Amino acid sequence: MSQNSENSQPSEALENLLHENRKFPPSAEFAAQALAQPTIYAEAAADREAFWARQSRELLSWSKEFEQTLDWSNPPFARWFVGGEINAAYNALDRHVEAGNGDRVAIYWEGEPGDTRQYTYAQLTEEVKKAANAFEALGVHKGDRVAIYLPMVPEAVISMLACARIGAIHSVVFGGFSAEALRNRIDDAEAKLVITADGTFRRGAPSSLKPAVDTALQAPGHTVKHVIVVKRNGEPVEWVEGRDLWWADTVEVASAEHTPVPHDAEHPLYILYTSGTTGKPKGILHTTGGYLTQTAFTHKYVFDLHPETDVYWCAADIGWVTGHSYIAYAPLVNGASMVMYEGTPDTPHQGRWWEIIEKYKVTILYAAPTAIRTFMKWGRDIPAKFDLSSLKVLGSVGEPINPEAWIWYRDVIGGGKTPIVDTWWQTETGAMMISPLPGVTATKPGSAQIALPGIEADVVDDLGHPVADGQGGYLVIRSPWPSMLRGIWGDPERYKDTYWSRFENMYFAGDGAKKDEDGDIWLLGRVDDVMNVSGHRLSTTEIESALVSHDAVAEAAVVGAADETTGQSVVAFVILRGSALVDGVADPQIEQILRNHVGREIGPIAKPKRVLVVPELPKTRSGKIMRRLLKDIAEGREAGDATTLADAGIMQVISESLKKTP
Ligand code: WT7
């Protein structure tokens, strides 16, 4: 494992981004019915705090009015809507029922094998009340942590909202993470309760989850008292008497009477772990009032949401922040009807998404560029077989969307008429930060363009000075925003160091960016040791740690190499231990062995696409691995400027050795 590599300059990706220079102004028809009006920017800029205060009052029902919009007296620790009290679950559920919308569908759920379930707002409210009662009966109180390790089933949303209702802090762990990763997250958050399922379905076959929980809880010293298990795929499971409980016997039988108690605006809502530049994932902490305000605001205006008529579908997994903000919270707070899908896009056929859109007459689709690029590869004939005319707005999130994919999305999926909103944000920002507004912005393929009203984003140089139009630099946020992270769970220093120390008084996002001639922002990818694979964030250091934890590995360096479909792919360079070589030769299976090892340590998403065995790694005199040079090799280029290497001949040695091992 290495220390941090040198930062790469955010300029490379630019050439291929900028060759598409058409602009797409909103149609008169769309603009006429759009919720956002061009004046909204000036209105927000005139008094940002007043703007957010107004949004918060309009979009949410506060149990107790807040007294102060923002307290920034102790930066970078913000407090929004100070003195206010609110219940997130009440805002997402009960109030819609009270307003007479109990019969509106909240969730159209589509299981992978094609089974379906539907919940109206009244029904979902009832389920959440039962779950809240059940959790309380198990001794879960306000402030306690609950780990949720579930597939894309309605119980995931129900569990999250039940936690929010009683003031417990949920920590959702993506179902694709390993037992080891789950245990680390359970331990860091000191969770009392785990909610899981027997398993789910993946590409037509049952796939298990409960065994990972059992493995995670095998070693003593954890804080978990109970495990609630949703029966989903019916596969047999091991059972720990006294600890394990079926959802059906615990939640479904609980009382459906439950009065929500108001929580402080700054009461923690959830922790969500994300990869940083070190090996240890960060528990990003979000609180209640500001988070709900900005997620609801952006969901309404960026998607032009008309809750009475729209059918919204966010195709993310609940295990990532997109699933938190734009499945579990904002759509429900806004009273929308949404589709939730358990499976993969190619099961049972490659038209599954389009079939779902046709079936439910989806009007708003929110997806990642990786998915779009995959559909492009499968060909336009597949979506052409379905009626996609209901679509009105198409969203993109998670990674830069290349102009080709943007145009394809608009033309093939959106019938050449739908606005595309490319939304930039992060786990840490909690909600969208940079995005066009449909009906207002003339969009540019490949660019997220402008900060949303009430947000101050900028691109600065190494010294923190704003760059001129046409120049590249680092993306920063200049002032606090309502849904900003409130810290890293248990580590306030790391919060300051990671985000607020690179530039004075500015939030450093870790992304490279460029302003074009119009001042519009183009995102150019991470400038730190974080990779983005299929819109999922992975840490080079975390994967390196996993690799060196294997007996055969002496040293490892990981890079994200450009990949046509997934944006980046993980490529690992390893030096094997002498003991792992027979007559100086590695086991021909070593690549597969190490890929599987990473899968076990972190999860299948982190498996390197390639593992290259090398005799040396390129290092500077101070011992830093020059990942830039490894990236050149991984992307099939001649290695670039190697003059700062301690040993100038090393790249030659590495290239030669890779020629020998195909
Ligand atoms: C990183 C955050 C946002 C929720 C899902 C990912 C990259 C995200 C875009 C976009 C270019 C994007 C950035 C960011 N990213 N959206 N529209 N254009 N890049 O959340 O796992 O916290 O990752 O994803 O690099 O820093 P995350």
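Okay, a quick definition to start: a residue counts as buried under 20% relative accessible area, exposed over 50%, and partly exposed in between, using a 1.4 Å probe and protein chains only. By that rule Glu 190 is partly exposed, with a relative accessible area of 45%.

Before going on, some ground rules. This is a predicted model, where local features need pLDDT of at least 70 and side-chain atom pairs count only at pLDDT 80 or more, while totals for chains, interfaces and linings use all residues. Residues are numbered from 1 along each chain as its sequence is written, and side-chain values use heavy atoms, with hydrogens and water left out.

Back to Glu 190: its phi is near 50°, a positive value in a residue other than glycine. Now take Phe 81, whose phi is also positive, near 60°. Buried or exposed, what is Phe 81? Buried, with a relative accessible area of 0%.

Let's look at some polar contacts, that is, pairs of N or O atoms within 3.5 Å. A polar side-chain atom of Arg 526 sits 2.8 Å from a ligand oxygen atom, and one of Gln 426 sits 2.9 Å from a ligand oxygen atom. For Glu 399, a backbone N or O atom is 3.4 Å from a ligand nitrogen atom.

Last stop, cis peptide bonds. One joins Pro 75 and Pro 76, with omega about 0°. Another joins Thr 347 and Pro 348, again with omega about 0°. That's my tour, thanks!

Key:
Polar contact = N/O pair within 3.5 Å; in protein donor to acceptor, adjacent residues only side chain to side chain.
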